[in-house]
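Here are a few exercises to work through with the structure on screen. Try each task on your own before reading its solution.

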Amino acid sequence: MRGFDVNSIFNNRDAGSLRMLMSLLYHLPNFCKLFFRLLKDLRVASWKKLIFIVAVVYAVSPWDVFPDVFFPPFGYVDDVVILFVAVRWFVGACPRQVVAEHVRAIAEEDAQTNTKS
């Protein structure tokens, strides 16, 4: 797998869906670090953070547009779609230089961790 690069993961149109999903899952810990860093960063507008948090809370809450009980296959789809859209929107709504700074810091931390082991 290549290094952690938000743009290449989200914007690679010619990669297959399964390949993109595998890349997202592989980099999930790095994405979580990025989201927490962006949420703590004062350079990111509070309203953007609030929208992202509301979307995440909705995705993990039992309240759904399509209830899991009545529509089992579709009950989880709305959660996944909303979470994916929120993640993409939040990273895109944050200032590029702030996202790039945090991505570089995460990559450097990973490189240091990999050289120690």
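**Exercise 1.** Find which residues of H3 are buried, and work out how they sit around the helix axis.

*Solution.* Keep in mind that this is a predicted model.
- Step 1: recall some helix geometry. An α-helix has 3.6 residues a turn, so residues three or four places apart point the same way.
- Step 2: now check the opposite face.

**Exercise 2.** Compare the span of helix H3 with the one expected at 1.5 Å a residue.

*Solution.* 
- Step 1: H3 runs over residues 28-40, giving 13 residues.
- Step 2: from first C-alpha to last, H3 reaches 18 Å, close to the 18 Å expected.
- Step 3: how far can you trust this stretch? Confidence in the chain is highest in H3, at a mean pLDDT of 94, and lowest in helix H1 (residues 6-11), at 60.

**Exercise 3.** Work out which residue pairs up with lysine 33 in a salt bridge, and where the two partners lie.

*Solution.* 
- Step 1: start at lysine 33, which lies in helix H3. Its relative accessibility is 33%, so lysine 33 counts as partly exposed.
- Step 2: follow its side chain to aspartate 110, where the two meet in a salt bridge at 3.4 Å, N to O.
- Step 3: Aspartate 110 belongs to helix H7 (residues 96-116), so the pair, 77 residues apart, links distant parts of the chain.
- Step 4: look for another link of this kind. Glutamate 109 forms a salt bridge with arginine 37, with the closest N and O atoms 2.4 Å apart. Here glutamate 109 is in H7 and arginine 37 in H3, 72 residues apart.

**Exercise 4.** Find the residues that make the nonpolar surface patch of about 490 Å², and the helix that gives the largest share.

*Solution.* 
- Step 1: the patch is made by Leu18, Leu21, Met22, Leu25 and Leu28.
- Step 2: helix H2 (residues 17-26) contributes four residues, the largest share. Leucine 25 has its place in H2.

Methods: Residues numbered from 1 in each chain as written. Predicted model: local features only at pLDDT ≥ 70, side-chain atom pairs only at ≥ 80, totals over all residues. Heavy atoms only, no water. Patch = residues over 30% accessible without salt bridge, like charges linked within 9 Å, V, L, I, M, F, W, Y side chains within 5 Å. Areas by Shrake-Rupley, 256 points an atom, 1.4 Å probe, with all protein chains shown as cover. Salt bridge = Lys/Arg side-chain N within 4 Å of Asp/Glu carboxyl O. Helix = DSSP H or I, 4+ residues; strand = E, 2+ residues; numbered from the N terminus. Expected span 1.5 Å × (residues − 1). Buried < 20%, exposed > 50% of the residue type's maximum accessible area, 1.4 Å probe, protein only. pLDDT = per-residue confidence, 0-100.
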